[in-house]
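Welcome! Please take a moment to look over the model below, and then we will walk through it together.

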Amino acid sequence: MKNAMMCMALALTVTTGLSAGQAFAAETGKVQTIIRNGEQAAIKGAAQFFTGNVRIDPLYPANNDMRSSGGSVTFEPGARSNWHIHPVGQVLIITSGEGRTQEWGKPVQEVRPGDVVICPVGVKHWHGAAPNSSMSHISICEEKEPGKVVEWMEKVTDEQYNGK
Ligand code: MN
């Protein structure tokens, strides 16, 4: 099958002047999408799901072919998410500042730029900034059903945030 496609691509290249890559793209009907920086409006983290000021910059949505979506989330000092779980897990890539995350029943962990946090399916946790530093991370989640990437729970108390 691959050989047949390669032959068709080469044949197209010869007869139409299209590159092999263009010929493949024409066959699948798929093209790359480039979402330019600044094209998507930022979203303020809702007070019912976050403590403090949080800005969500969407990066890319899920679609019919790809189940993951990504966003960059920026927490001001002291800001954090509510406790929550992800029905298909989550990957966090810390991109700037200093932050904190915690699994239910375990100690608070500090996270720094370049750290990658993998939150398994159904593990209750929170993430946010350190008390005296903002923190940004890229969040990548897969959708269990369209639009469903998180189940929100209660607020993280100051005592929990401070590890007491
Ligand atoms: Mn999470």
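A residue counts as buried under 20% relative accessible area, as exposed over 50%, and as partly exposed in between, using a 1.4 Å probe and protein chains only. Strands (E, at least two residues) are DSSP runs, numbered from the N terminus. With these terms in hand, look at strand β8 (residues 99–103): four of its five residues are buried, so β8 is largely enclosed by the rest of the structure.

Before going on, here is where the values come from. This is a predicted model, in which local features need pLDDT of at least 70 and side-chain atom pairs count only at pLDDT 80 or more, while totals for chains, interfaces and linings use all residues. Residues are numbered from 1 along each chain as its sequence is written, and side-chain values use heavy atoms, with hydrogens and water left out.

**Strand β8 and its partners**

Two strands pair if DSSP finds at least two bridges between them. Strand β8 pairs with strand β9 (residues 109–111) in the antiparallel sense over three bridges, and Thr101 has Gln109 in β9 as its bridge partner. The two strands form a hairpin with five residues between them, and Gly105 in the turn has a positive phi of about 85°. Strand β8 also pairs with β11, again antiparallel, over five bridges. Here Glu103 stands opposite His125 in β11.

**An open sheet**

Six strands form an open sheet with antiparallel pairing, in the order β1-β3-β4-β12-β7-β10. At its edges stand β1 and β10 (116–119), each with a single partner strand, so one side of each has no neighbour in the sheet. Four bridges join strand β7 (residues 90–97) to β10, and Leu92 stands opposite Val117 in β10.

Strand β4 of this sheet holds Thr74, which is buried at 16% relative accessibility. The side chains of Thr74 and Ser136 are joined by a polar contact of 2.8 Å. A polar contact is a pair of N or O atoms within 3.5 Å; within protein, one must be able to donate a hydrogen and the other to accept it, and residues adjacent in sequence count only if both atoms are side-chain atoms.

**A loop glycine**

Finally, visit Gly52, found in the loop between β2 (50–51) and β3. Gly52 is partly exposed, with a relative accessible area of 47%. Gly52 and Ala129 are 77 residues apart in sequence, yet 9.8 Å apart in space, C-alpha to C-alpha.
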